[in-house]
Amino acid sequence: MIHVQGLTKRYGDKLALDNVCFDVRPGEVLGLLGLNGAGKSTAMNILTGYIGATSGTVVIDGHDIADDPLAAKAVIGYLPEQLAFYGDMRVREYLDFVCDLKRVREGRREHVASICTRVGIDRMTDRLVRNLSRGYRQRLGFAQALLGNPKVVILDEPTAGLDPSQIVEIRKLVRALGKSSTVIMSSHVLSEIQAICTRIIVLHQGRVLADDTPENLGRSAQGAHRMIARIQGRPERVEAALSRAPGITQVRLLEQRESDAFDYAIEGVRDRDVRADLFRALARADLPLLSTGGVESSLEQVFLQLVAGR
Amino acid sequence: MVAILKREFRAYFQSPLGYVFIAAVYFFSGYYFFTYNLYGATTNMSRLYELLFPVVLFLIPVLTMRLMSEDKRLKTDQLLLTSPVPRLGIAMGKYGAAVAVYLIAISSTLLQAVVLAFFAAPHWPTILGNFVGLFLLGSTLIAICMALSALTESQVIAAVAGFVVSLFLMLVDALALVVSSSFLQALFRNLSFNDRYTPFTLGIFELPNVVFFLSISALFILLTWALLDRQRWS
């Protein structure tokens, strides 16, 4: 649905994006994660055709944003970070105006009404935009992004400046959106990205540091896969059996949990799933595996490790 | 383009700007109509149209100062530039809205001609020629001031730049007399809006003058488009 290749953007001497490449499949909810100034908004502004790239290509639904901008923009709904509205318009007038811009003609009244209900501004349609609260403005921003049922929805910091209850509602909205559209959202709030997105790209100083699912990112940043296993049997037998397992590098006895079972911290080599090696080694030695648990790091740790690594 | 034209036209009347502009044009045209036509007891409206030349030059920067600069300042340009609307359509829509408000304002002169018609027979071809001249003058200046507005986020700077251009256009005839270089003299004479507008007020409808105003308008609309498009490549 979205193909980004070698995207580079310079502002004078400053390199805002440096050879960024990624693809987004239909139905994916992609999170762009990065510190302030990492290049998230620049990437989104280029994806939506607001600004041009210094080099590189962006193809949205088969249309190059530089060569065929109108066709590419026709499939995009965009919620910018800095929400700006014509304050002198009423909510209904504003949405009508956006419908005109997006050439939404057939069934417009019903379409606008259904989106207003979906984002929770159906009782605000006669209000002047300038009189709306921050939360309702954000919802109005969502509503205008959803008009015309775009195939791609791009959300730049959609929960910035909202109170906790509003954040929960907006997250629900984005999750629901992911069922019908391809979504790219940016945030510097790690928990938010983790809660909503099916895939994360970590940007730092204009470069892609990581591109994976939240779960895999958590594992990969460990350096080696670790887990806690509860194994029945004498500790020396367990340690002897696991020392012969190919992927296991370290076994550390933690504590006794049951009458004849102990917990062990097991560490495997990088990028290898230690669970299969553990199972086979214990089966060969006839040592029952009672339970296992992951020691995945939080995404926050992952992010800080990735950024610190640069 | 039509969506932007409608939105901009409505915006003129959701703030005092549209009303103030129309009221100012009505005031000056009414004043000149009273002093030269009613008080002077004549159906010749050429003097009125001649006197509206400086009025239009000074009022149009007020009409156009927010056209492009406000969108840049408020960041509402992000909505327009990320919508499936050609950037030339954005410039044309905004231009069309300002021209429509201007047309409403100068239509007062046609109303005055109708009033005259109750008492005597005005020479309608001359009046219509004058009206077309005033329309072309104003719409050309709107195009120039819109391009100036696209250069800045500040409405005040856009208005001041518009006044400077207006002042230059009024003084350019005098400049042609004070410079010694024949090239500069020819340049200033050819740039003179007054020389192009005056024939209309004399009842002379010359096609080159019409083409002059239309081509300057087209040039500055394209310049506004280029300024909008610059953002994609800067």
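This is a predicted model: local features need pLDDT of at least 70, side-chain atom pairs count only at pLDDT 80 or more; totals for chains, interfaces and linings use all residues.
I count two residues as in contact if their C-beta atoms, placed from the backbone, lie within 7 Å.

Residues are numbered from 1 along each chain as its sequence is written, while chains are lettered from A and ligands numbered from 1 in the order in which they are written.

**Interface.** I looked up the A/B contacts. I found 19 residues of chain A in contact with 18 residues of chain B. Helices α2 (69-73) and α3 (91-102) of chain A each supply at least two residues of the side that touches chain B. (Helices are DSSP runs of H or I, at least four residues; strands are E runs, at least two; both are numbered from the N terminus.) α3(A) gives the most, with four residues. That side of chain A divides into eleven nonpolar, four polar and four charged residues. Nonpolar covers Ala, Val, Leu, Ile, Met, Phe, Trp, Tyr, Cys and Pro; charged covers Asp, Glu, Lys and Arg; the others, Gly among them, are polar.

**Chain A overall.** I read eleven helices and 14 strands. The C-alpha atoms fill a box of roughly 75 × 45 × 30 Å along the principal axes. Of the 310 residues, 41% are buried (20 or more other C-beta atoms within 10 Å of the residue's own, C-beta atoms placed from the backbone). Among contacts with a separation of 6 or more, 69% join residues 24 or more positions apart.

**Pro214(A).** I placed Pro214(A) in helix α8 (residues 214-220). Why is Pro214(A) buried? Because 20 other C-beta atoms lie within 10 Å of Pro214(A). Its C-alpha is 6.3 Å from that of Ile200(A), 14 residues apart along the chain.

How values were computed. A residue is buried if 20 or more other C-beta atoms lie within 10 Å of its own, exposed if 12 or fewer, and partly exposed in between; C-beta atoms are placed from the backbone.
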